[in-house]
Amino acid sequence: MTLKGWSLPLSPGGTAALVPPPPWHFSGEALGIDFHCDPAAAAAVLPEDLEPAGDGSASFVFCDWSSSADADPRVIADPARGQYKEAYVAIQARLDDKTVARVPYIWVDNDLSFARGHIQGFPKKLGMISITRAVAVGRGGPTLERGARFSGHVASLGARLANGTVTLDTPAEAGFIPKAMRLPVWHTRLMPDLAGGEPLVFDLARNIVSDFAVANVWTGTAGLELFESEFEELAALRPLDVVGGFRCSVAFSITGAEIRPA
């Protein structure tokens, strides 16, 4: 009998595979803080192919996602499978004279997202993420209006890693997309060889994205704290100043990847 599955675990029927093949579809709510960190610290987390932006431009983003896959309707049918939260820091860089982004650190709370991210090259770790929800009625949370305050935080292995806040000020003009949401992100795909040889996979990859859309974009003032942890190096990217923040709805599909040698 041939074992089946696009990803591990392989099984007789293929239904045990954790990650289905793309295309993958994502819809979510994002809360972001734009800031500057120590330019040397920003440069230190970039691979050789990416040139530092020079000014330490970065963003910290919290997302609440719902995802699906054409090849596996169970992902969207069962909220335990396709819904998750994540938090990450994105560093701006230059590649081929264009502004791009690099995510050196990211945390998620779902095993599908964790495994799917490693296939892409996202360096995902498991964490606990909480994000303020917007409400449409009642007083159980903030509505999308001037002065509303939204927060996010992430913890891992019992240690708080980051706190972020955005206080909404102005709805963005039509067509505005926060830079943290629109920059192409270049990852490092790495699969070491347990037998001791050269890495089986070691390259730079960028998601091929279609059907990108944002809605309900608000900008505002923001705050960000990054904390020390014995298992992380995030604190080296502490903000020197905070430029501002945003909150928006975002959606896109991933259909494949562009690859270049590392």
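F252 is buried, its relative accessible area being 18% (buried: under 20%; exposed: over 50%; partly exposed: in between; 1.4 Å probe, protein chains only). The model is predicted, with pLDDT of at least 70 required for local features and 80 or more for side-chain atom pairs, while totals for chains, interfaces and linings use all residues. Residues are numbered from 1 along each chain as its sequence is written, and side-chain values rest on heavy atoms, without hydrogens or water.

Five aromatic pairs are counted (Phe, Tyr or six-membered Trp ring centres within 6.5 Å; stacked under 30 degrees between planes, edge-to-face over 60, otherwise tilted). F60 and F62 form a tilted pair, with 5.1 Å between centres and 50° between planes. F60 is buried at 0% relative accessible area, and F62 is likewise buried, at 0%. An edge-to-face pair joins W65 to F252, at 5.6 Å centre to centre and 80° between the planes. This pair connects distant parts of the chain, 187 residues apart: W65 belongs to strand 3 (residues 57–69) and F252 to strand 12 (residues 239–261). W65 is buried, with 6% relative accessibility. Ring pairs join W65 and F252 with F26 in a cluster.

The charged end of R260 sits over the ring of W186, 5.8 Å from its centre (criterion: Lys NZ or Arg CZ within 6 Å of the centre and within 35 degrees of the ring normal). K124 lies over the face of F122, 5.4 Å from the ring centre.

In helix 4 (residues 111–120), the buried residues are L112, S113, A115, R116, G117 and Q120; helices (H or I, at least four residues) and strands (E, at least two) are DSSP runs numbered from the N terminus. At the helix start, a side-chain oxygen of N110 comes within 2.8 Å of the backbone nitrogen of L112. Just after helix 4, G121 adopts a positive phi of about 110°.

Note on methods. A polar contact is a pair of N or O atoms within 3.5 Å; within protein, one must be able to donate a hydrogen and the other to accept it, and residues adjacent in sequence count only if both atoms are side-chain atoms.
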